[in-house]
Amino acid sequence: MRDQISNHKARFFLLFTSCIVPLILYGCGYHMVGSSSIPFDTIVVLPVQNKTQEPLLEDVMHRALSSGFISQGIRVTSTGDRDRRARLETVIRSFSVNTVAASDDKVKEQSVVMEVDFRLIEGERVMEFTSVKSPIAITFQATGSVTEAVIEKQRAIERAAEEIAKELVSRIALRYAE
């Protein structure tokens with residue numbers, strides 16, 4: 001008999017907390033900020049403009065932006081009815097490879113720094129995000145053969161573009177959540 005009473009108490013407590021906790025959190029105004037706060041489900045990623053001397057950055061950035069939006073459940077297209085969908089204009093303003101570590105007059109580690117301007121147009125609303133950089137330092141080993149160094153640099157460029165794309169998607173979600 002006591003086991004049945006304690007079993008009923010446990011069920012009541014579980015039901016009570018599963019109903020009350022969400023009500024308290026939502027009643028206080030708490031909510032998760034994410035892609036659900038972005039009011040569009042499709043975006044046209046226009047061709048990226050590369051204003052630097054580094055070749056093919058525009059292709060890497062376009063792929064990273066597409067992946068970043070897709071990972072948040074937003075469909076990406078490069079064509080379509082541009083007047084009725086959100087559009088993203090992207091300009092890579094600067095790119096540099098900087099020495100991080102050297103030993104005996106030889107470069108051991110380098111970093112990739114890229115600054116990108118974005119312009120999101122959704123209907124009448126225009127949002128600009130200027131000088132967006134990776135929030136983390138992107139470095140690569142510059143030791144080994146020239147081929148290995150070039151491969152490592154390309155991987156670093158791809159990581160930097162991915163981080164910039166994630167940063168942009170986060171900023172867009174926060175801007176719409178305001």
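Predicted model: local features only at pLDDT ≥ 70, side-chain atom pairs only at ≥ 80, totals over all residues.
Biologist: Where do I start? How many helices and strands does the protein have?

Modeller: Start with the secondary structure. The protein has three helices and seven strands. Along the sequence, the pattern reads α-β-β-α-β-β-β-β-β-α.

Biologist: What share of the contacts with a separation of 6 or more joins residues 24 or more positions apart?

Modeller: Such pairs account for 69% of those contacts.

Biologist: Next, the inside. What share of the residues is buried?

Modeller: Of the 178 residues, 32% count as buried. In soluble globular proteins, nonpolar side chains tend to be buried together. Here, the largest nonpolar core has 38 residues. Ile 43, Met 61 and Phe 118 are among those with the most contacts inside this core.

Biologist: Which element gives the most to this core?

Modeller: Helix 3 does, with eleven residues. Other elements supply at least two residues each, including helix 2 (57–70) and strand 5 (106–122).

Biologist: Now Asp 117 in strand 5. Is Asp 117 buried or exposed?

Modeller: Compare the relative accessible area with the cut-off. Buried means under 20%. Asp 117 has 18%, so Asp 117 is buried.

Biologist: Which side chain makes a polar contact with the side chain of Asp 117?

Modeller: That of Arg 93, at 3.2 Å. Beyond four places in sequence, Asp 117 also contacts others, including Glu 89, Thr 90 and Phe 129.

Note on methods: Residues numbered from 1 in each chain as written. Heavy atoms only, no water. Core = buried A, V, L, I, M, F, W, Y, C linked by side-chain atoms within 4.5 Å. Buried < 20%, exposed > 50% of the residue type's maximum accessible area, 1.4 Å probe, protein only. Helix = DSSP H or I, 4+ residues; strand = E, 2+ residues; numbered from the N terminus. Polar contact = N/O pair within 3.5 Å; in protein donor to acceptor, adjacent residues only side chain to side chain. Contact = heavy atoms within 4.5 Å.
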